[in-house]
Amino acid sequence: MKRSGSKGVILISAVILALSLVVTSHAYTSVSVSLLAFILPIVNVIWLIVLFSFALWKMSHQERGVMYQSLILPVVYLLCTLLIWPPMWVLRTSPDLDSSVSYLKHQQVISLMTYNVQRLGDLSPRTKRREVRAERLECIHRLVKESETNIGHPVELFGFQEVNNDNLKRLEEKLNLNCQHVGYHSQKTDVSGLGICIHRSSQWKINYVRNIILKGRGRWRALFAEMSYRDDPKTTFNLLNVHFLPHRIGTQEIKAVISSPETLLEVMKGIIKTSNLQREQAAGLLSLIKTYRDPTIMVG
């Protein structure tokens, strides 16, 4: 009876070790065994506890000269487990490196810049607008070139906020872009709004665009575009450009608070009201994004 029990323990130990060896040899190239790769180390630990408990029980019923023989099986099992599992704990659910490199070669890089151009100088005094506009255009151009140098890849997609159609055309010319525009409140081209642009040499293309009316005061619009890779039309994602209702706290409001502290309460009420409307806009937008099937990038 004792011999059959020992043989059973040895057989179970051999089965667990063999299964562990099979799983570790395939887990580098397949994620289908990742669940087993997670469970089996736990099984090994539990079985080690059983083996050492069994060995200690046998040692308590044997003579001193032979009792250490009971430790042979758990010690051998422990050594085998340490040989099999340590590398598996590092990469137990990862594909092999060659497969990863091959997979990455088929992924397309999305290089995207988002920029609030602040009306591109239109809010400056009339006599300085042309100068301010030229400075900001040059600043944006310089920033794009610096970013391309840093990332080692051309910036192909752009999301602009606080821009009207005329200034978006200036950005098109300066950066060699094709752009789509929507006004915050209407479809008029001379009002401030949003732009989604793509570099003319980009491997991405815009399939279609539409505007989304946000909830809350003013019915502000967001600009949606579906993008796809030219060489692989199935590689699609959504690009969403948004500018929530701003607080509109400028120098006049700040001066009013400084000169008349009583107005601070009114300003705070305005901030709270706008913040609540922003939360409504965000909640409405997120509820809409949940219905999209393609990955979605939101900028703004």
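**The disulfide**

Modeller: Let's start with the S-S bond of Cys179 and Cys197: its torsion is about 115°, so the disulfide is right-handed. Keep in mind that this is a predicted model.

Colleague: Where do Cys179 and Cys197 sit in the chain?

Modeller: Cys179 is in strand 3 (residues 177-183) and Cys197 is in strand 4 (residues 193-199). They are 18 residues apart, so the disulfide links what count as distant parts of the chain.

Colleague: What is the S to S distance, and how many disulfides does the count come to?

Modeller: The S to S distance between Cys179 and Cys197 is 2.1 Å. The count comes to one disulfide.

Colleague: Cys179 and Cys197, buried or exposed?

Modeller: Both Cys179 and Cys197 are buried.

Colleague: And how do Cys80 and Cys139 count?

Modeller: Cys80 has 27% relative accessibility and counts as partly exposed. Cys139 is at 29%, and counts as partly exposed too.

Colleague: Let's zoom out. How many helices and strands in the protein chain?

Modeller: Nine helices and eight strands. The protein chain has 300 residues, and 35% of them count as buried.

Colleague: What share of the contacts comes from residues 24 or more positions apart?

Modeller: Those account for 65% of the contacts in the protein chain with a separation of 6 or more.

Colleague: On to strand 1. Which way do its side chains point?

Modeller: They alternate along strand 1 (residues 112-116). Met113 and Tyr115 point to one face and are buried.

Colleague: How does the chain get from strand 1 to strand 2?

Modeller: Through helix 6 (residues 129-151). That β-α-β crossover is right-handed. Strand 1 and strand 2 run parallel, joined by five bridges. Asn116 stands opposite Gln161 of strand 2.

Colleague: What about the loop between strand 1 and helix 6?

Modeller: Leu120 lies in that loop. Its phi is positive, about 55°, although Leu120 is not a glycine. Leu120 has a relative accessible area of 0%, so it is buried.

Colleague: And Asn176, where is that?

Modeller: Asn176 is in the loop between helix 7 (165-175) and strand 3. Its phi is also positive, about 60°, and Asn176 is not a glycine either. At 33% relative accessibility, Asn176 counts as partly exposed.

Colleague: Back to strand 2. What does Phe160 touch?

Modeller: Phe160 is in strand 2 (residues 157-163). Beyond neighbours within four places in sequence, its contacts include Tyr115, Val117, Leu168, Leu171, Gly195 and Cys197.

Colleague: How far is Phe160 from Gly195?

Modeller: They are 35 residues apart in sequence and 4.9 Å apart in space, C-alpha to C-alpha.

Colleague: Why does Phe160 count as buried?

Modeller: Because its relative accessibility is 0%, and buried means under 20%.

Colleague: New topic. How many aromatic pairs?

Modeller: Six in the whole structure. One of them is Trp204 with Phe237, an edge-to-face pair. The centres are 5.1 Å apart, with 85° between the planes. Trp204 is in strand 5 (residues 204-213) and Phe237 in strand 7 (residues 232-241), 33 residues apart.

Colleague: How accessible are Trp204 and Phe237?

Modeller: Trp204 is at 2% relative accessibility, so it counts as buried. Phe237 is at 4%, so it counts as buried as well. Ring pairs also link Tyr229 with Trp204 and Phe237 into a cluster.

Colleague: What sits over the ring of Phe224?

Modeller: The charged end of Arg210, 4.8 Å from the ring centre.

Colleague: Last one, strand 6. Why is strand 6 called largely enclosed?

Modeller: Because nine of the nine residues of strand 6 (residues 221-229) are buried. Arg221, Leu223, Ala225, Met227 and Tyr229 point one way. Ala222, Phe224, Glu226 and Ser228 point the other way, and all are buried.

Colleague: What pairs with strand 6?

Modeller: Strand 5 does, antiparallel over nine bridges, with Ile212 partnered by Ala222. Strand 7 does too, antiparallel over seven bridges, with Ala225 partnered by Leu239. Strand 6 and strand 7 form a hairpin with two residues between them.

Note on methods. Residues are numbered from 1 along each chain as its sequence is written. This is a predicted model: local features need pLDDT of at least 70, side-chain atom pairs count only at pLDDT 80 or more; totals for chains, interfaces and linings use all residues. Side-chain values use heavy atoms; hydrogens and water are left out. Helices (H or I, at least four residues) and strands (E, at least two) are DSSP runs, numbered from the N terminus. Buried means under 20% relative accessible area, exposed over 50%, partly exposed in between (1.4 Å probe, protein chains only). Contact means heavy atoms within 4.5 Å. Rings of Phe, Tyr and Trp (its six-membered ring) pair if their centres lie within 6.5 Å; planes under 30 degrees apart count as stacked, over 60 as edge-to-face and the rest as tilted. A charge sits over a ring if NZ of Lys or CZ of Arg is within 6 Å of the ring centre and within 35 degrees of the ring normal. Two strands pair if DSSP finds at least two bridges between them. A crossover is right-handed if, with the strands pointing away from the viewer, the path from the first strand over the helix to the second runs clockwise. A disulfide is a pair of cysteine sulfur atoms within 2.5 Å.
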